[in-house]
Amino acid sequence: MAAAAAGSKGSVSLEGKNVILVPYMEHHVPKYHQWMQNPTLLQATASEPLSLQQEYQMQLSWSLDSNKETFIILDKDLIVGTFSHGQPHPEAMVGDVNIFMNDTDNPQLAEIEIMIAEQMSRGKGLGKESVLIMMAFAIEKLGINIFQVKIGESNVESLSLFKKLGFVQTSHSNIFKEVTLELQITQPKSEEMLGLIGTVIKHT
């Protein structure tokens, strides 16, 4: 995986075998907004419904937030024509993956989120691949060595995914009905992940 340049937020695409992760752009907002009208997705992501204008404002704020990296997941099978870095390719959008770096006590810890919003794209391993690519990116570019996820206890699919990736439960909130899992990245684990992914990082 090629190293990303410093200050490259929003200028990097990550390519895997079946998915391409691209920065969340303004042209993605209408479809993203459509996804977030689904009560099931709102519950799974612990999100509040927003107006389209609020969604545009959220996209802008995310693009400027240095403690957050947001990528839209493109299904390679759905891309019309040839993939072009810097183009949104909304026709191939199937979900998103995020990294949050909000722990001031440990800048090497990041929370990760994944959403496969398109029903037809579930069960194809796209979520797993996207998480692995995102973690490999965060390890190499952001110096992250602990990943954390917070998942609703009823979200069986997500819990199963992260446990299969080696995440272990560290806490459970009865109040929020939420489970926290973590994965610590050792040097051998880091080398294994980077070797397995073989991600290509493309710059504008």
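**Surface and overall shape**

I started with the accessible surface of the chain, which comes to about 10,500 Å² (Shrake-Rupley method, 1.4 Å probe). Carbon and sulfur atoms account for 51% of that surface. I kept in mind that this is a predicted model, where local features need pLDDT of at least 70 and side-chain atom pairs count only at pLDDT 80 or more, while totals for chains, interfaces and linings use all residues. Residues are numbered from 1 along each chain as its sequence is written, and side-chain values use heavy atoms, with hydrogens and water left out.

Next I checked the box around the C-alpha atoms: roughly 40 × 40 × 35 Å along the principal axes.

I noted six helices and nine strands. Of the 204 residues, 46% count as buried, meaning under 20% relative accessible area with a 1.4 Å probe and protein chains only; over 50% is exposed, and in between is partly exposed. Contact means heavy atoms within 4.5 Å. Among contacts between residues at least 6 apart in sequence, 67% join residues at least 24 apart.

**Strand E1**

I moved on to Ser13, in strand E1 (residues 12–15). Ser13 counts as buried because its relative accessibility is 2%. Its side chain makes a polar contact with the side chain of His85, at 2.4 Å. For that term I wrote down: a pair of N or O atoms within 3.5 Å, where within protein one must be able to donate a hydrogen and the other to accept it, and residues adjacent in sequence count only if both atoms are side-chain atoms.

Glu15 is in strand E1 too. At 21% relative accessibility, Glu15 counts as partly exposed. I found a polar contact of 2.9 Å between the side chains of Glu15 and Lys76.

**Asp96**

Last I looked at Asp96, in strand E4 (residues 93–100). Its side chain has a polar contact of 3.4 Å with that of Tyr32. Leaving aside neighbours within four places in sequence, I listed its contacts, including Phe71, Ile73, Glu113 and Met115.

Key. Helix = DSSP H or I, 4+ residues; strand = E, 2+ residues; numbered from the N terminus.
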